[in-house]
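Reader: I am new to reading structures. Could you take me through one part of this one, slowly and closely?

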Amino acid sequence: MSSAEPTSTELLSSLLTTIERAIIPLTRDGVSSGSKVFGAAILSRGTLAPLTVATNNERVSPLLHGEINCIQQFFTVDFPSAETRPHPRTDCVFLATHEPCSLCLSGIAWSGFREVYYLFTYEDSRDLFAIPYDIDILQEVFRVKGAETAEQMEARPLYNRSNKFFEARSFQDLVAGVEGEEEKRRWTAEIERVKGLYAGLSEVYQEGKKSGAESSSVWK
Ligand SMILES: [Zn+2]
């Protein structure tokens, strides 16, 4: 490992600041022209400063999710030389505004990032953003039906959040590592405040969908 473990509060502070100052301004531009609200960033593990920031660009291709866009930009635009590129496994932290879908989880595994954090869960994407496809695709494409009952299958997690490639944790999971009840409450409130900034952005996207803003995705 190339640097000391950041603490939960250092991580929360940097992750939330990156979303508010770097990802949300980009997202605002994207949603008004028909892209979804999803964004991502790759942070330096040593300084926790953002190295690459990107958002969804489904106007161009349905595969350009925020995370995939971010990985592409990291490798091909920001750090095209392998010699000077921060190592995904040891030098980087991956941030997704929303829990990554199956496409993006695979993209993260293939590119070697091992530490992943997300603000909104799949359930949030479905319930707060009217975007149910993360869960839908995992259930329909990947969840092989076996001898279990429907209930047992429902109870099974949709993927391994902790696996040999990476560990994926929500911001709320990070709060568990914060010391002191008062501090825990303070960080939970801060997470809620930043989540609240998305309410307006989601409305712009949903309004655009109704009025037919162009997106190449068939799943809107
Ligand atoms: Zn995705």
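Author: Here is a close look at the metal site and the glutamate beside it in sequence and contact.

This is a predicted model. Start with the zinc ion. Its protein donors are His65, through ND1, and Cys101 and Cys104, each through SG. These atoms lie 2.1 to 2.3 Å from the zinc ion. Along the sequence, the donor residues follow the spacing H-x35-C-x2-C. Now check the two cysteines. Cysteine 101 and cysteine 104 are both buried.

Next, turn to glutamate 67. This residue lies in helix α2, which covers residues 66-78. Is glutamate 67 buried or exposed? Its relative accessible area is 5%. Buried means under 20%, so glutamate 67 counts as buried.

What does glutamate 67 touch, leaving aside its neighbours within four places in sequence? Its contacts include Cys101 and Cys104. Those two residues are also donors of the zinc ion. Glutamate 67 is in contact with Ala40, Phe94, Ala96, His98 and Pro100 as well.

Glutamate 67 and threonine 55 are 12 residues apart along the chain. Their C-alpha atoms are separated by 7.4 Å.

Finally, look at another helix. Threonine 18 is in helix α1, residues 8-31. Threonine 18 is buried, with a relative accessible area of 5%. Neighbours within four places in sequence aside, threonine 18 is in contact with Ile23, Ala41, Leu43, Pro50 and Leu95.

Technical notes: Residues numbered from 1 in each chain as written. Predicted model: local features only at pLDDT ≥ 70, side-chain atom pairs only at ≥ 80, totals over all residues. Heavy atoms only, no water. Helix = DSSP H or I, 4+ residues; strand = E, 2+ residues; numbered from the N terminus. Buried < 20%, exposed > 50% of the residue type's maximum accessible area, 1.4 Å probe, protein only. Contact = heavy atoms within 4.5 Å. Donors = N, O, S within 2.8 Å, 3.2 Å for Na, K, Ca; no water.
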